[in-house]
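Morning, everyone. I have one structure to go through today, and I will keep it short. Let me put it on the screen.

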Amino acid sequence: MHNVAVLLSIGRHPVSGRARRAATDAQALEMALALRPRRLTAIHAGPATDTEALRAYLGMGLERLTLLTLPEGTDPIEPLIAHLRQFDPSVVLTGRQAEDGEGSGMLPYLIARGLDAAVVPDVVRIGPTNAPDAMAGAADLVQALPRGQRRALTATGRFVATIHPSAPPARASAFGPARRGVIEPVAAQATADLFLSDCEHRPWRPKPKLMRVKRGGSALDRLKAATESKSGKGQLLVNPTAEAGALAIYDSLVEQGMLP
Amino acid sequence: MTTPPTIRRRVDPRAERAARTILTGQRPRLLRLPVAATTNERRRDPRAIRDAALVQHHPRPRYDWTRDAASAGIAPMMGAAIAAAPAPPLQVIAEPAYLILAMLDRPGGEVSEHDRQVIAAARLLADAGGGAVVTVSTGSGEALAVAGSDRHVALPDGWADDYVPERRAAAASALMEALSPRHILFPDSPDGADVARRVAAAAGERLFAGVQSLGPDRATRQSAGGSLETGHRPTRLMTVAADAFAPLDGVRHEARPLDLAAPQTAGEEVLPRLGGARRLSVDPDALSLSETDFILSAGNGVTDWGSFAELGEALGATRAGSRVVCDAGHLPRERQVGASGTVVSARCYLAFGIAGAPQHLQGITGVRHVIAINTDLHAEMIKRADLSIVADAQAVMPALIRLIRERRHA
């Protein structure tokens with residue numbers, strides 16, 4: 001882990017709509033700082049609006065941050081890849097999905113393709129590998145899975161990791177370092193994003209929740225299925241001995257796959 | 001749908017007289033013998049309906065209005081008719097105009113709700129122009145026929161348990177080459193979205209992620225952190241958001257295995273850069289209640305907190321409690337289940353000494369399997385549970401701990 005790059009975006013508060021540091025990007029920066037790399041590069045690519053929000057990242061302990069200034073409505077992938085190639089990072093960290101703009105979550109994958117790196121989604125921990133037969137430069141990663149489960153895996157070579165929200169929380173941003181930090185603007189060329197300009201946008205209206213509708217039966221049956229919760233269908237044991245009750249519970253748990 | 005209830009004959013003197021009248025002669029003549037007059041079909045007989053609905057005379061009359069009064073006497077026949085309910089007709093698309101690929105997750109081998117929703121979304125695109133839905137997943141396609149799959153491509157069985165996103169993506173890209181489908185849909189689940197983005201990056205195509213509504217001409221998704229709705233023509237690669245489409249019901253397609261020149265193995269020669277994947281054991285008490293799968297919960301009927309903790313450890317379950325327990329300080333506040341605590345969606349909920357206040361039952365509406373142990377037979381929790389045991393929690397908990405240890409050592 002000599003050379004780590006972090007890709008930072010400008011987030012958007014979900015209620016007030018104000019520009020802020022993006023939550024998972026801040027966690028990515030936190031993880032990068034915890035790795036104590038020899039060289040840490042932080043990059044933001046985008047139009048030169050709301051760039052003051054980037055100072056929140058500087059307040060976390062960054063000294064400088066590169067700002068690739070792009071015209072409005074352009075694709076940031078090409079300039080980012082070109083810029084990252086100069087630094088040749090072994091690890092690129094970023095958030096899972098942008099809080100503003102298209103938010104397709106494609107950026108880490110396209111960057112990885114441009115840099116010929118592996119992609120590891122939903123990472124919560126990164127460390128040097130412990131396996132003795134592993135190649136140099138391999139890293140042990142821990143991924144977050146649904147339902148709080150975790151998976152360990154080894155990545156060889158350069159990789160791009162996206163950070164899961166259950167990764168260690170980002171430290172608070174301090175005001176003094178945020179003022180002292182340097183944002184270095186770099187002008188870059190980018191091509192216009194024709195797909196996005198082809199899309200039409202309108203304010204999101206919440207959709208009605210999808211309900212399981214039971215078909216068939218009488219109107220009364222359908223009403224019951226829609227309104228009543230399941231009740232009275234279970235097995236009932238009245239005053240069994242403690243052992244019989246425990247056995248019934250055990251069998252039921254085994255049947256549900258909760259016990260081996 | 002229903003046959004009209006039994007009709008009492010209504011006496012209509014004028015109609016009877018008209019029926020008996022013969023007008024052939026010089027003057028009208030009246031027949032002596034009675035002639036059956038036409039009955040009024042629309043007349044209902046409330047007494048007959050009431051008699052048919054009566055299911056119990058003693059000690060007090062009880063009526064079951066839900067059953068059809070006319071068919072009350074032929075209940076067994078109705079049961080037989082339900083048992084032989086016809087399967088929905090098989091829909092065959094022999095010559096599809098185009099193909100829609102649905103790449104399914106099938107976590108743990110079973111077809112998830114999200115997978116069925118993806119097939120439903122694929123059917124929207126396929127049915128618009130006579131196309132066919134091709135499902136791609138591990139395992140056989142028989143379970144997918146009722147979800148709406150026309151053709152099925154089985155991936156190697158070993159991929160079900162291993163974490164092989166690069167190989168899955170390579171297989172998807174190979175299928176894209178071989179079948180040239182018009183659209184490819186993925187579930188927007190952690191694994192499905194990952195594979196979709198790998199395929200999109202490799203193909204250099206635009207991914208329309210998290211589709212919320214879909215038609216042949218227009219697809220929409222949420223963008224800008226959920227504040228905007230973005231619409232576009234359906235692109236080639238799309239992921240389908242969870243709970244955006246209703247899964248299909250009452251359909252049957254053929255889910256025929258598709259003969260291919262082994263494109264499934266196309267992913268085998270990819271040298272994976274990610275390896276050594278293994279599940280880590282997780283401390284169940286470190287999980288939040290909303291994401292855990294197995295909850296052991298205590299209510300006011302639990303006094304033996306030592307065995308409760310021991311049981312949680314033996315089962316590997318996350319400990320939780322009702323409001324009373326958390327108020328009393330036996331468990332921390334974030335371990336409270338219910339309306340004012342956490343609404344849980346665990347797969348299994350084991351409740352000791354919980355009576356089942358409405359607010360608590362509200363918190364466990366999403367739970368699939370509930371086991372309740374309570375001393376009160378008439379508690380609401382006993383009615384809600386799938387397995388209810390009327391016994392003292394303090395007696396059952398040590399017995400269950402002993403049983404688990406016995407079985408583990410045996």
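How many helices and strands are there in chain A? The count is 8 helices and 13 strands. Before going further, please keep in mind that this is a predicted model.

On to the overall dimensions of chain A. Along the principal axes, its C-alpha atoms fill a box of roughly 75 × 55 × 40 Å. The radius of gyration of chain A is 25 Å, whereas a compact globule of 260 residues would come in near 18 Å. As for burial, 35% of the 260 residues in chain A are buried. A residue needs 20 or more other C-beta atoms within 10 Å of its own to be counted there. If we take the contacts in chain A between residues at least 6 apart in sequence, 70% of them join residues at least 24 apart.

Now to a helix pair between the chains. Helix α4 of chain A covers residues 107–115, and it packs with helix α6 of chain B, residues 190–203. Their axes are 9 Å apart, and the angle is about 45°. What does that angle make them? α4(A) and α6(B) are therefore oblique to each other, since angles under 35 degrees would count as roughly parallel and 65 to 115 as roughly perpendicular. The crossing of α4(A) and α6(B) is right-handed.

Which residues of α4(A) and α6(B) meet? From α4(A), we have Y109(A), L110(A) and R113(A). On the α6(B) side are R197(B), R198(B) and A201(B). Sorted by type, the residues of this contact give 3 nonpolar, 3 charged and no polar.

That is what I have; happy to go back to any view.

Methods. Residues numbered from 1 in each chain as written. Chains lettered and ligands numbered in written order. Predicted model: local features only at pLDDT ≥ 70, side-chain atom pairs only at ≥ 80, totals over all residues. Axes fitted to C-alpha atoms, helices over the stretch in contact; angles between N-to-C directions. Helix = DSSP H or I, 4+ residues; strand = E, 2+ residues; numbered from the N terminus. Parallel < 35°, antiparallel > 145°, perpendicular 65-115°, else oblique. Left-handed = near helix turned anticlockwise from the far one by under 90°. Contact = placed C-beta atoms within 7 Å. Nonpolar A, V, L, I, M, F, W, Y, C, P; charged D, E, K, R; others polar. Rg over C-alpha atoms; globule rule 2.2 N^0.38 Å. Buried ≥ 20, exposed ≤ 12 C-beta atoms within 10 Å, placed from the backbone.
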